[in-house]
Amino acid sequence: MVGYILQSITILCYQDNNGKPKYYVYKAKEWPREDLSNESSYDLPRVVFRWDNGGRDSSPKDDYYERKDKVWSIKTDGTDLRLVADEFDGQIRLMRISPNNRYLALAYTNDKGMFKVIKDLKTGEYIELGKSRGYPEFLWAEDSSYLYFTDQWKDWKYTLSSNKVEKTDAVYNENSVIYNGRRYVTSELGVGVYKEEAGEKLYSIVPDDKSEFNIRKFLKKSISPTGRYVWAQTSERRYLIDTYKKSFQSEVIDNSVPGNLEMLHILGYEAKYARSGGGAQIFQFKMDDDKKIGSEEKWLQIGSGHSATDASLYNAFVNHGSFEK
C-alpha cells in the first residue's frame, strides 16, 4: 500500500497499483454525509450503492448499526465516499436518486413489509409511499417533480409539490429514463419509446424477434441517462442498442475471452464510460468511438463489511459525462 489515513477505527488506504482509495469504515456515524451544499462533491458523476460497512469480525467495537444496510455514494473516480441514508432498518432492494440530486427513492424490506420511501437529502425528511410486498420499481421525472413507483401490485405517481398519490398506467421499470419529453423503457426483449405526457408509444427496438423467448430474454440490462443507449445480455448474446438511430450492435458471449460489450451494468452519458454494477470491486471502462470497450481500469473500493452492491448512477451530466477528470 502507498499510504494510510486512520480516523478513529476507520481506515482509508491507497492501493499501490493505481492509487485509488479503499475504504474500511467501522464507525459510519463519524463518516461525512451527502451534502448538497458542497459543490466539490458534484464535479464528477456519482454512484449510489448499498453497503453493510461493518463486518462481523472486522472490529471489536462493531455493532448491529454498523452491520446493517445503509445507502452510500461516491464519485466515479473512487473518491469522496459519503453516507446518504441510515435512518431505516431493513434490507435494501432498490435506490434511485432524482435528476436534481435532492431526493433518494429507496425500497427496503423487513418483517413489517416492503417499504418505499423518499428521503429529502436537503432536509433529512422521509416520506413513506407504501409498504406492501412485491418487487419495487422507481422512475423519476426529468425535472424531479414526480416519481413513479409500485405498491400493492399497482403503479402509482407521487407528485412532490402536492403530496398527491394517484394510480397510473404508465409503462416503466427500474431500467427506464425520462428525457426530453420521452420515456425510454427497457423490457425483457427490447426497448420501448413513449411520449411521456401523452403516454403514446412511438416505437420499439427488438434486436432478436426469431429465437425462442428463453434465448432472447434480457437477463441483465442498463440504460444511459438520456435513454439513448441500452445495454442488455441474454443467455447467448450481448447488445448495445442506440434508441435514437434505432440500431444495435451485438456479440456472442464467449467466456474464454473478454467481450467488447461485457459488464456494462452502468452506462454514462452518451456511453462515453461504463462500469460494473457492484460497489466493492470496480471495473470501469472507457468506451471507444464505436461504443465498444476501449480501455479498462479495475480496483477494490471497499474493504470492510460483507457486501456492497446495487449501484446506480446520478449527477450524470457533469464533466461532459466523463467518469474521470
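Student: Which side chain meets glutamate 34 in a salt bridge?

Tutor: Arginine 46 does, at 3.9 Å from N to O. This is a predicted model.

Student: Where in the chain do glutamate 34 and arginine 46 sit?

Tutor: Glutamate 34 is in the loop between strand E3 (21-24) and strand E4 (46-51), and arginine 46 is in strand E4. The two are twelve residues apart, and the pair links distant parts of the chain.

Student: Is glutamate 34 buried or exposed? And arginine 46, buried or exposed?

Tutor: Glutamate 34 has a relative accessible area of 10%, so it is buried. Arginine 46 is at 0% relative accessibility and also counts as buried.

Student: How many salt bridges does the count come to?

Tutor: The count comes to 22. Among them, aspartate 120 pairs with arginine 102, with the closest N and O atoms 2.8 Å apart.

Student: Which parts does that pair tie together?

Tutor: Aspartate 120 lies in strand E9 (residues 113-120), while arginine 102 lies in the loop between strand E7 (91-97) and strand E8 (103-110), so the bridge joins parts 18 residues apart in sequence. Aspartate 120 is buried at 7% relative accessibility, whereas arginine 102, at 23%, is partly exposed.

Student: What about aspartate 242, which residue does it bridge to?

Tutor: Arginine 228, with the closest N and O atoms 3.0 Å apart. Aspartate 242 lies in strand E21 (residues 237-242) and arginine 228 in the loop between strand E19 (220-223) and strand E20 (229-233), so this pair ties together parts 14 residues apart in sequence. Aspartate 242 and arginine 228 are buried.

Student: Which residues are linked in a network of salt bridges?

Tutor: Arg33, Asp86, Glu87 and Lys119.

Student: Switching to aspartate 77. What is the nearest side chain of opposite charge, and how far away is it?

Tutor: Lysine 20, at 5.7 Å. The cut-off for a salt bridge is 4 Å, and aspartate 77 has none, although it is buried.

Student: So what does its side chain make a polar contact with?

Tutor: The side chain of threonine 79, at 2.7 Å. Aspartate 77 is in the loop between strand E5 (70-75) and strand E6 (82-85). Not counting residues up to four places away in sequence, aspartate 77 touches Lys20, Leu44, Trp299, Phe323 and Glu324.

Student: New topic. In what order do the four strands of the open sheet run?

Tutor: E23-E24-E25-E26, with antiparallel pairing. Strand E23 (266-267) and strand E26 (293-300) are at the edges with a single partner strand each, so one side of each has no neighbour in the sheet.

Student: How many bridges pair E23 and E24?

Tutor: Two. Isoleucine 266 has arginine 275 as its bridge partner in E24.

Technical notes
Residues are numbered from 1 along each chain as its sequence is written. This is a predicted model: local features need pLDDT of at least 70, side-chain atom pairs count only at pLDDT 80 or more; totals for chains, interfaces and linings use all residues. Side-chain values use heavy atoms; hydrogens and water are left out. Buried means under 20% relative accessible area, exposed over 50%, partly exposed in between (1.4 Å probe, protein chains only). Lys and Arg count as positive and Asp and Glu as negative; His and the chain ends are not counted. A polar contact is a pair of N or O atoms within 3.5 Å; within protein, one must be able to donate a hydrogen and the other to accept it, and residues adjacent in sequence count only if both atoms are side-chain atoms. Contact means heavy atoms within 4.5 Å. Two strands pair if DSSP finds at least two bridges between them.
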